[in-house]
Amino acid sequence: MPFIEWNSSFAIGVGNVDAQHQELFRRVNELMLGMSEGRGRETAGGLVRFLEEYVQFHFGDEQAEMTRVRYPAFEAHVKEHQAFIADLAELRRALGEEGATASLTVAVNNRVCKWLVEHVLRADRSFSAFYKRQRAAQETLVASGGS
């Protein structure tokens, strides 16, 4: 059973961001499963490295869309992304020093899983609402013959 399971309540309807979120959920579940099964530093470490690279890609896409539509909460959203990147770096450091211990597994579950769920449901959904309003306004303008 997944630690965090993707479902339609996490969909925000912005480009390929939903597919990227699904991949993040899947990979976080792999990480948590590996850690809970006591699979070594290499397995968990490899997944953390993947997550570090993937979130850079994902956050870049998300932030490009925010810039394009002039999202007013851009800076606060980016700060959340930066905090998550820092958490992943700390996790990589701890895994290297301690391995996939039970206490580290619990800490990762509490920090990474909780952050991902809360960020998607709160911050990304807020961006999604703004994005959809902007897109609807633009479509209305185009339909009325404006530019």
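Visitor: What pattern does the chain follow along the sequence?
Guide: This is a predicted model. The chain has four helices and zero strands. Read along the sequence, the pattern is α-α-α-α.

Visitor: What does the C-alpha trace span along its principal axes?
Guide: The trace belongs to a chain with four helices. Along the principal axes, its span is about 60 × 30 × 20 Å.

Visitor: Are α3 and α4 roughly parallel or roughly antiparallel to each other?
Guide: Helix α3 covers residues 74-98. Its axis and that of α4 come within 11 Å and cross at roughly 165°. Angles over 145 degrees count as roughly antiparallel. α3 and α4 are therefore roughly antiparallel.

Visitor: Is the crossing of α3 past α4 left-handed or right-handed?
Guide: The two axes cross at roughly 165°. The way α3 passes α4 is left-handed.

Visitor: How do the residues of the contact of α3 with α4 divide by class?
Guide: From α3, the contact includes Phe84, Leu88, Leu91 and Glu98. From α4, it includes Arg111, Trp115, Arg122 and Phe127. The residues of this contact divide into eleven nonpolar, three polar and seven charged.

Visitor: Are α1 and α4 roughly parallel or roughly antiparallel to each other?
Guide: Helix α1 spans residues 17-36. The axes of α1 and α4 come within 10 Å and cross at roughly 165°. Their crossing is left-handed. With the cut-off at over 145 degrees, α1 and α4 are therefore roughly antiparallel.

Visitor: Which classes make up the contact of α1 with α4?
Guide: Among the α1 residues are Leu24, Phe25, Val28 and Met32. They belong to a contact that includes Val108, Val112, Leu116 and Asp124 of α4. By class, this contact has 13 nonpolar, four polar and one charged residues.

Visitor: What is the volume of the largest pocket?
Guide: Rolling a probe the size of a water molecule over the atoms shows where empty space is left. For the largest pocket, the volume is about 190 Å³.

Methods. Residues are numbered from 1 along each chain as its sequence is written. This is a predicted model: local features need pLDDT of at least 70, side-chain atom pairs count only at pLDDT 80 or more; totals for chains, interfaces and linings use all residues. Side-chain values use heavy atoms; hydrogens and water are left out. On a 1 Å grid over the protein atoms alone, a cavity is a set of points where a 1.4 Å probe fits but cannot get out, and a pocket is an open set with protein on both sides within 12 Å along at least five of seven lines; lining residues have an atom within 4 Å of a point. Grid points are joined across faces, edges and corners, and a volume is the space filled by probe spheres set on the points. Axes are lines fitted to C-alpha atoms, for helices over the stretch in contact, and angles run from 0 to 180 degrees between N-to-C directions. Helices (H or I, at least four residues) and strands (E, at least two) are DSSP runs, numbered from the N terminus. Angles under 35 degrees count as roughly parallel, over 145 as roughly antiparallel, 65 to 115 as roughly perpendicular and the rest as oblique. A crossing is left-handed if the near helix is turned anticlockwise from the far one by less than a right angle, and right-handed if clockwise. Contact means heavy atoms within 4.5 Å. Ala, Val, Leu, Ile, Met, Phe, Trp, Tyr, Cys and Pro count as nonpolar, Asp, Glu, Lys and Arg as charged, and the others, Gly among them, as polar.
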